[in-house]
Amino acid sequence: MDNLIEAQLFINNKVWFSAKIWTGIDMVSQLVPSSSNETFDLYAPYSGKLIAKVAEASVDDVDSAVAAAETAFPAWSALSPIERGKPLKKLAEMVLARKDELANLEALSMGKPVGDYFDAGYAGVQFNYFGEAAYAQGNTSLNTPGFLNMSLRQPFGVVAIIIPWNAPLVFFSKKVGPAIAAGNTVVLKSSEKAPLTSWKVSQWITECGFPPGVINILSGHGHISGSAMASHMRIRALSFTGSTRTGRAIQIASAQSNLKKVVFELGGKGPALIFEDADLEEAAKGTEHSINGQSGQTCMANSRVYVQESVKERFIEAFKKFASSRRIGDPTDPIVNHGPQADKVQYDTVLRYIAIGKETGNLLLGGGSNEPARNNYAGAKGNLTVHPVIFTDQPEDSRVVKEEIFGPVVVINVFKTEEEVIAKANDTEFGLYASLWTKDLERALRVSKKLESGMVGVNCASPTGSWDLPFGGYKGSGTGRESLLESMEHYLEHKSIYFKVSGIGGI
Ligand code: NAD
């Protein structure tokens, strides 16, 4: 229990704090003030050690956070964009200066290797950009004779933000930045699997100069505080990144409460199409990194790879070489590039899919055949590592082809023609990120156009992207498009004002 972290809620620029309470019999340690005083235990997936006691936000805590955000909204939204930007830019500085500490917290809580930690740099860009981006406004029009018409873009008020565990600070920054730059106030809930970086950032909010209530940060489980946020009558917009299943529950909660605006970034089952004229070494390197980076816990990962029959052996050999040379181990060791799955639930899910895939197709690497599927698995809580797994020859309707596994498990199947592979790539309820590899420019454009996917990498694979182009998915992968240029739109209402001015005439 040495160095056990106590991660608290942050509401109205106040934290819960530890206090000794007299029970009438004894002095006991308690966290106050809170409505529930509940906490949950957080274990490190690699070491299996208890690392934190985390506050479990109750429904009453959600109400308190919404009330604080509501109170803060009028003054915050009345500030000029420059004034709203100042604390955001300070937060960018803080996050960048403390990136090693943040990386270590994530490595401990959800197993992301510190050597792969790009999240703080990403957050720095978001906070800096949105610290200056709030000047965009509406239009004016003289097209209606006798009127000077105008449109205004105004903040919603209180916005809820619910984030997943696989890159917490990325989602925190890409949502909180534009939401508050636009003049909203926010209530954010971190994931129960990775609450520590959001909690750490909450300790810097007051110092950065954010007024009380502008950013409120909760931790806890989705079925308690998350669902309370989704059905809250005074939250007017909600931005969510997470699974398609949870997105659906939030959509229903929104419909059954106040029809709050919802923005979704959801799951994926990305295809990569490898044509016979591709640079096979590059294609194998890119697609292997896409699926096995972050131990396969990436929404955009190309978990389905389709290779043209004539180059099948060469491609698979190259892919296997890269997958077999991952540096597997302790995520706090900078040399390691393959850590554990985030927790026991994720680990068990991945093992279940490996067992299913063994039944339905051919297992080429990992999964207990010629490579171990697990690394020193020592019990319920620790060392939850899965070595890269390659399946081949899986039926297109098998579960490992159709469902998001969220682990280092790739299915490599074969195709003969362009039409055939486009049909297979599109035969999914997801549509987040597809990639294709060819030297034929016309084919690249033709196939890119036909793929039902929000993002397409040509001769590159996820996570390749760009700051200024929309990030988001087709179909069950989401409804939103986030980027430096697009994100602010999610957090602004549009209002048309028809301003009658006698004697003004037409243009
Ligand atoms: P999840 O849906 O289980 O949880 C996400 C968040 O929702 C957590 O904070 C959780 O507590 C909360 N939640 C759970 N139930 C809820 C409910 N009923 N109401 C409100 N909130 C609730 O997802 P996860 O396991 O944290 O993340 C992995 C998933 O996220 C994968 O499907 C992955 O593809 C997806 N993801 C998508 C993107 C993207 O940008 N499209 C990025 C990262 C992850």
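I began with Pro-463, which I found in the loop between strand 21 (455-458) and strand 22 (492-500), where helices (H or I, at least four residues) and strands (E, at least two) are DSSP runs numbered from the N terminus. The peptide bond from Ser-462 to Pro-463 is cis, with omega near 10°.

I noted that this is a predicted model, in which local features need pLDDT of at least 70 and side-chain atom pairs count only at pLDDT 80 or more, while totals for chains, interfaces and linings use all residues. Residues are numbered from 1 along each chain as its sequence is written, and side-chain values use heavy atoms, with hydrogens and water left out.

I then turned to Gln-294, which has a positive phi of about 55° although it is not a glycine, and which sits in the loop between helix 10 (280-292) and strand 16 (304-308).

Next I looked up the ligand, which 29 residues surround, the closest being Glu-192, Ser-243, Thr-246, Leu-266 and Glu-404; a residue counts as near if one of its heavy atoms lies within 4 Å. For polar contacts (pairs of N or O atoms within 3.5 Å), I found a ligand oxygen 2.7 Å from a side-chain N or O atom of Glu-192, and a ligand oxygen 2.6 Å from a side-chain N or O atom of Ser-243. A ligand nitrogen is 2.7 Å from a polar backbone atom of Leu-266.

Last, I checked the domains, whose bounds come from an automatic or database assignment: domain 1 (5-266 + 482-492) and domain 2 (271-472) both give residues to the shell around the ligand, so the ligand lies between them.

Methods:
A polar contact is a pair of N or O atoms within 3.5 Å; within protein, one must be able to donate a hydrogen and the other to accept it, and residues adjacent in sequence count only if both atoms are side-chain atoms.
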